[in-house]
Amino acid sequence: MAKLRYFDAGNSINAREVPVAAHSEFLRTGKITRTRSHWLAEERRYLSHDEVAERTGRKLETAGEKTHQHINGFHHSIQFPKMLFHRTLQDSPHLGYCHVTAARTKFARYQDVSWAFYIANFYADIGDNDNFFQQIDVKYSRMYFAVAIKPGEHTPEKMTIDRSVRGNGLLFRTDDPQIAIRSVLLLGARNEQLREIIRQL
């Protein structure tokens with residue numbers, strides 16, 4: 001696949017404002033136009049992959065910060081640590097994901113599950129192997145998901161997906177922020193009474 005190139009859309013001229021070429025204007029009217037826009041068309045400024053990754057990271061962490069505030073603003077008995085960090089995809093730095101929080105809970109028939117909650121600016125399946133994402137779909141602007149995690153063994157990562165939980169480690173995945181917040185709150189609720197209140201929201 002060809003390497004993607006990015007340009008700064010904020011610096012580009014609006015398509016309606018692009019003047020006709022100076023030579024065709026001369027042929028049409030016989031006048032020489034001396035306005036700057038005809039002679040010095042604004043050039044696109046291309047961005048490096050590092051610049052794109054930095055911009056993507058800022059947007060993701062802002063979204064993560066807001067989401068964390070919404071989650072912790074629900075009830076004083078359900079509070080999650082803020083653990084914001086992001087990663088961008090290597091060959092597509094405009095795509096990335098942000099780790100928002102992590103906790104430990106009893107989940108269904110699993111007694112003690114460590115899990116992490118993420119936001120991504122695309123929708124995808126969680127990969128079955130070392131590839132974290134599969135079948136990336138950019139039609140959706142966001143994906144909220146939580147995965148069971150465990151300490152990494154024989155990997156450079158400190159934590160890896162615990163695939164013994166539900167077969168692939170995925171606890172939930174949605175593009176709806178309300179469902180995502182409810183799901184995180186259910187994971188963090190300490191007792192069944194609180195879970196019942198959250199389910200009724």
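Seven aromatic pairs are present in the structure, where rings of Phe, Tyr and Trp (its six-membered ring) pair if their centres lie within 6.5 Å, with planes under 30 degrees apart counted as stacked, over 60 as edge-to-face and the rest as tilted. This is a predicted model, in which local features need pLDDT of at least 70 and side-chain atom pairs count only at pLDDT 80 or more, while totals for chains, interfaces and linings use all residues. Residues are numbered from 1 along each chain as its sequence is written, and side-chain values use heavy atoms, with hydrogens and water left out.

Select Phe-80 and Trp-115. Their rings form an edge-to-face pair, 5.8 Å centre to centre with 70 degrees between the planes. This pair links distant parts of the chain, 35 residues apart: Phe-80 is in the loop between helix H3 (49-72) and strand E3 (85-89), and Trp-115 is in strand E5 (residues 110-120). Helices (H or I, at least four residues) and strands (E, at least two) are DSSP runs, numbered from the N terminus. Both residues are buried, that is, under 20% relative accessible area, whereas exposed means over 50% and partly exposed in between (1.4 Å probe, protein chains only).

Next, select Tyr-97 and Phe-133, an edge-to-face pair at 5.3 Å centre to centre and 70 degrees between the planes. Tyr-97 belongs to strand E4 (residues 92-107) and Phe-133 to strand E7 (residues 133-137), so the pair ties together parts 36 residues apart in sequence. Tyr-97 is buried at 15% relative accessible area; Phe-133 is buried at 7%.

Finally, select Lys-3, in the segment before strand E1 (6-7). Lys-3 is exposed, with a relative accessible area of 68%. Its C-alpha atom is separated by 8.5 Å from that of Ser-92, 89 residues apart along the chain.
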